[in-house]
Amino acid sequence: MKRTIGIFLLIFLLGCNAISSSETVDKQTIEKARESVESYFRHNYEDVEIMTFSEDTSDPMEGLMINGTVNGAEFSASVDPETFKVKSVGETEGFPDVKEECRHTVCDYE
């Protein structure tokens with residue numbers, strides 16, 4: 001889990017092609033990205049019970065950032081706005097554990 005956070009922070013710090021904060025993403029794109037993030041977590045993490053999303057979708061890198069909580073622990077997920085695939089995830093303490101079968105390779109999700 002610490003490795004995931006470290007990789008996320010490294011990508012964040014080395015990011016280029018920043019999206020201007022004045023750019024907006026339409027609600028349909030945000031909703032599809034949220035659905036992809038929810039599917040990603042439900043297929044790859046244990047005991048995902050309650051998931052909420054915040055309104056902040058800004059991403060300093062070329063993409064879309066989906067923020068929220070899972071079972072009360074915060075997360076940030078970077079999503080490719082064209083493929084809606086999760087590129088990276090940052091998690092806070094107390095986040096559910098990755099399923100054993102998904103530790104070395106991402107399990108399929110929609």
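Which residues do ring pairs link into a cluster?

1. Ring pairs join Tyr40, Phe41, Tyr45, Phe53, Phe75, Phe95 and Tyr109 into a cluster. Rings of Phe, Tyr and Trp (its six-membered ring) pair if their centres lie within 6.5 Å; planes under 30 degrees apart count as stacked, over 60 as edge-to-face and the rest as tilted. By this rule there are nine aromatic pairs.

2. The model is predicted: local features need pLDDT of at least 70, side-chain atom pairs count only at pLDDT 80 or more, and totals for chains, interfaces and linings use all residues. Residues are numbered from 1 along each chain as its sequence is written, and side-chain values use heavy atoms, with hydrogens and water left out.

3. One of the aromatic pairs is that of Phe53 and Phe75, edge-to-face with 6.3 Å centre to centre and 85° between the planes. Phe53 belongs to strand 1 (residues 51–53) and Phe75 to strand 3 (residues 73–79), so the pair ties together parts 22 residues apart in sequence. Strands (E, at least two residues) are DSSP runs, numbered from the N terminus.

4. Phe53 is partly exposed at 25% relative accessibility, whereas Phe75 is buried at 3%. Buried means under 20% relative accessible area, exposed over 50%, and partly exposed in between (1.4 Å probe, protein chains only).

5. Lys85 lies over the face of Tyr109, 4.6 Å from the ring centre. The criterion is NZ of Lys or CZ of Arg within 6 Å of the ring centre and within 35 degrees of the ring normal.

6. The structure holds one disulfide (a pair of cysteine sulfur atoms within 2.5 Å). Cys102 and Cys107 form this bond, with sulfur atoms 1.9 Å apart. The torsion about the S-S bond is about -100°, so the disulfide is left-handed. Cys102 is buried at 6% relative accessible area, and Cys107 is buried at 17%.

Terms used
Helix = DSSP H or I, 4+ residues; strand = E, 2+ residues; numbered from the N terminus.
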